[in-house]
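Please read it alongside the sequence and the coordinates.

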Amino acid sequence: SVYRQRSQSEDMDTCVMLCLDASGSMGGRKSDLALKCAIALGEMFEKAGIPYAVSAFNTRAHKENNTRAYCEPLNAHENCEGRSHALTTYLLKDFNQGLRSSKHHIAAYKYFVGTGNTDGDSLIYINQNYVMPRIEKRKIMFVFSDGDPVGTNIYAEHRRLHHVCRILDKEIELVGFGIQTNVEQFYRNAVQINDLEEMSGKVMKQVASMLLGKKFKVDAKEVAA
């Protein structure tokens, strides 16, 4: 008495971009945590059939001028605007690639951690070039960073990241994961992660609930509960 009955399941029509801060301050345990979080989330998205990509960003392309000494004179001028550091972004896993074939690319993240991080312009670039062209109705970006952007001018970088986050909030669903750091000053939806156990516990359960539930809403209060 074997039979097959067809049933309809709700299409989530969702894609996710994981962005990893690859600046020098992310070296050591922070980069380990960010990398493990990205892989753990990737495994969950893959099982759920949710297209996702993994990217990273720093300013390695402008390494010769990317020193504290170079930034200090400009940092003295609070009203200084603009950016002189070149962006470097890495697409470690594209949406149409599997995790198994991309793991070695994602693992390479730890080897190019270093230099500065102009988060605002990097997130704009990643969103415009990789996220917005996707056909899915719901687009989500998870950003893993350890706080302040470091670039030409600290005041300008802070203002730029604030401005970019407000722009992205209107276009996609944006969540900032602070790696052992509180990032609420930049991201309206922010979650602090101090260790992998925390990620695999309450955060993973809440992210799964948001993604697989009938109603999807990125809410930092739900994630942090």
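A residue counts as buried under 20% relative accessible area, as exposed over 50%, and as partly exposed in between. By that rule Gln180, at 31% relative accessibility, is partly exposed. The model is predicted. The chain contains seven helices and six strands, and 48% of its 225 residues count as buried.

**Overall fold**

- Along the sequence, the order of elements is β-α-β-α-β-α-α-β-α-β-β-α-α.
- Among contacts between residues at least 6 apart in sequence, 78% join residues at least 24 apart.

**Nonpolar cores**

- In soluble globular proteins, nonpolar side chains tend to be buried together.
- The largest nonpolar core has 36 residues, of which Leu18, Leu41, Phe45, Tyr109, Phe142 and Phe144 touch the most other members.
- Helix H1, residues 29-48, gives the most to this core, contributing eight residues.
- Another core, of 22 residues, lies apart from the largest one and includes Cys19, Ile126, Leu168 and Phe186.
- Leaving out residues up to four places away in sequence, Tyr109 touches Leu20, Asp21, Ala22, Met26, Ser31, Ala34, Leu35, Ala56 and Leu92.

**Packing of H4 and H5**

- Two packed helices are described by the angle between their axes and the distance between the axes.
- The axes of helix H4 (residues 119-131) and helix H5 (residues 154-171) come within 8 Å and cross at roughly 25°.
- Because of this angle, H4 is roughly parallel to H5, the cut-off for that term being under 35 degrees.
- The crossing of H4 and H5 is left-handed.
- On the H4 side the contact is made by Asp119, Gly120, Asp121, Leu123, Ile124 and Asn127.
- On the H5 side the contact is made by Arg160, Leu161, Val164, Leu168 and Glu171.
- Five of the residues in the contact of H4 with H5 are nonpolar, two are polar and four are charged.

**Ser145**

- Ser145 is part of strand S4, residues 138-145.
- Its relative accessible area is 1%, so Ser145 is buried.

- Thr115 is not a glycine, yet has a positive phi of about 65°.
- Thr115 sits in the loop between helix H3 (99-107) and H4.
- With 23% relative accessibility, Thr115 is partly exposed.
- Gln180, likewise a residue other than glycine, has a positive phi near 55°.
- Gln180 is placed in the loop between strand S5 (173-179) and strand S6 (190-193).

- Leu196 belongs to helix H6, residues 196-212.
- Leu196 has a relative accessible area of 31%, so this residue is partly exposed.
- From C-alpha to C-alpha, Leu196 and Asp32 are 9.4 Å apart in space, while 164 residues separate them in sequence.
- Apart from neighbours within four places in sequence, Leu196 is in contact with Leu33, Lys36 and Cys37.

Key
Residues are numbered from 1 along each chain as its sequence is written. This is a predicted model: local features need pLDDT of at least 70, side-chain atom pairs count only at pLDDT 80 or more; totals for chains, interfaces and linings use all residues. Side-chain values use heavy atoms; hydrogens and water are left out. A nonpolar core is a set of buried Ala, Val, Leu, Ile, Met, Phe, Trp, Tyr and Cys residues joined through side-chain atoms within 4.5 Å. Buried means under 20% relative accessible area, exposed over 50%, partly exposed in between (1.4 Å probe, protein chains only). Helices (H or I, at least four residues) and strands (E, at least two) are DSSP runs, numbered from the N terminus. Contact means heavy atoms within 4.5 Å. Axes are lines fitted to C-alpha atoms, for helices over the stretch in contact, and angles run from 0 to 180 degrees between N-to-C directions. Angles under 35 degrees count as roughly parallel, over 145 as roughly antiparallel, 65 to 115 as roughly perpendicular and the rest as oblique. A crossing is left-handed if the near helix is turned anticlockwise from the far one by less than a right angle, and right-handed if clockwise. Ala, Val, Leu, Ile, Met, Phe, Trp, Tyr, Cys and Pro count as nonpolar, Asp, Glu, Lys and Arg as charged, and the others, Gly among them, as polar.
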